[in-house]
Amino acid sequence: MDPSPPCKAITTGRWSKREESILKSNAQEFATLSGCKVEDIMMGKNKNKNKNRVDFYKYCAAGLNREDDQIRRKCLRIFDANNYKGKYTMSELLKLRRLSADFRGYRKYKAMGEVLGRSANSVRIRLTRHGTNLKKLKISKWTEDEKELFDEGLQLFDKKWPAIAKHVGTRTAHQCLVHFWGRRKNSKKGNILTTEEQVTLIELLSREPVHFIDEIDWTGIVEKWPGERHDGITPDRLRDRFNDMRVNKIYYYGILSRDQLTFSDIIDIFLEKLVKPYRDRETGNQSEGSGSVADEIDQDP
């Protein structure tokens, strides 16, 4: 007796463009034969919706070496219009927080989606992104205490967002990530200190009786700022810009082992490489050999 031919292995993983094209072609052909739209079949707006939907999945599977569950999930992602309704509004997020406490069980995503007018998959992804428990989810602006805890967590855990979120206590990992990139984006929109402001900042920090960066009183630095203080000189801005200088300018000066430097070492480097050339050029008594450094200090790395 001849052995039966070997079964073809089921395809798994990411869908190819060819597979998606076959699926869409099958779906459109089924819709033409049944006399209704694909979206109506997925939303259950046609007669005999359950039977038609089962037949629809079977018809879409023709020519595809995929499991039935893979076909169903792909159809939901492509043809369910409730998957693509844009960013969640503030009212939807607040409603989602209330619904997450009311609904329980296996079909909670579907029930919540029906209330919000979203698909079950959309609600599941949104809840997963913010955590299944939204009681601690805050949608308001970040407070000063939260920003300080975020900075501490960033230094302790180095972009490990779940650990930073746990350290902050009132924000999710996704919110911490968005806050981080928002600050990075704002720092590149004209929020960089001028050379004169950088020199003033280093001189003020050199007079502070501290040994660690965490001990710096940034509010006190702002109060000691000489001359007329404009709106851009704030504790948050000075702290962020000093951290940028500590990373970028130290590397720009050719010092690669910056992680091993203490606070006093960093200040000494800035006093030598930044403050002294600037003051020498300002007074006209520039020492020999410092001109090249003085000419370069206006260039941000």
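**Reading a helix face and a core**

Visitor: Which residues of H1 are buried?

Guide: In this predicted model, the buried residues of H1 are Glu19, Leu23, Asn26, Ala27, Phe30 and Ala31. Seen down the axis of H1, these buried residues fall within an arc of 135 degrees, so they line one face of the helix.

Visitor: Which residues are exposed on the other side of H1?

Guide: Lys17, Arg18 and Thr32 are exposed there, where exposed stands for over 50% relative accessible area and buried for under 20%.

Visitor: How many residues does H1 have, and what follows the helix?

Guide: Helix H1 covers residues 17-34, which is 18 residues, and from its first C-alpha to its last it reaches 26 Å, close to the 26 Å expected at 1.5 Å a residue. After H1 comes Gly35, with a positive phi near 75 degrees.

Visitor: How should I read a nonpolar core, and which residues have the most contacts inside the largest one?

Guide: In soluble globular proteins, nonpolar side chains tend to be buried together. Here the largest nonpolar core has 26 residues, and Leu201, Leu205, Leu238 and Phe242 are those with the most contacts inside it. Two or more residues come from each of helix H11 (195-206), helix H12 (218-223), helix H13 (235-252) and helix H14 (263-283), and H14 gives the most, with eight residues.

Visitor: What is Leu201 in contact with, leaving aside its neighbours within four places in sequence?

Guide: With those neighbours left aside, Leu201 is in contact with Leu193, Trp218, Ile221, Trp225, Leu238, Phe242 and Met245. There is also a second, separate core of 17 residues, which includes Ile41, Phe56, Leu64 and Cys75.

Methods: Residues are numbered from 1 along each chain as its sequence is written. This is a predicted model: local features need pLDDT of at least 70, side-chain atom pairs count only at pLDDT 80 or more; totals for chains, interfaces and linings use all residues. Side-chain values use heavy atoms; hydrogens and water are left out. Helices (H or I, at least four residues) and strands (E, at least two) are DSSP runs, numbered from the N terminus. The expected span of a helix is 1.5 Å times one less than its number of residues. Buried means under 20% relative accessible area, exposed over 50%, partly exposed in between (1.4 Å probe, protein chains only). The arc is that of the directions from the helix axis to the C-beta atoms. A nonpolar core is a set of buried Ala, Val, Leu, Ile, Met, Phe, Trp, Tyr and Cys residues joined through side-chain atoms within 4.5 Å. Contact means heavy atoms within 4.5 Å.
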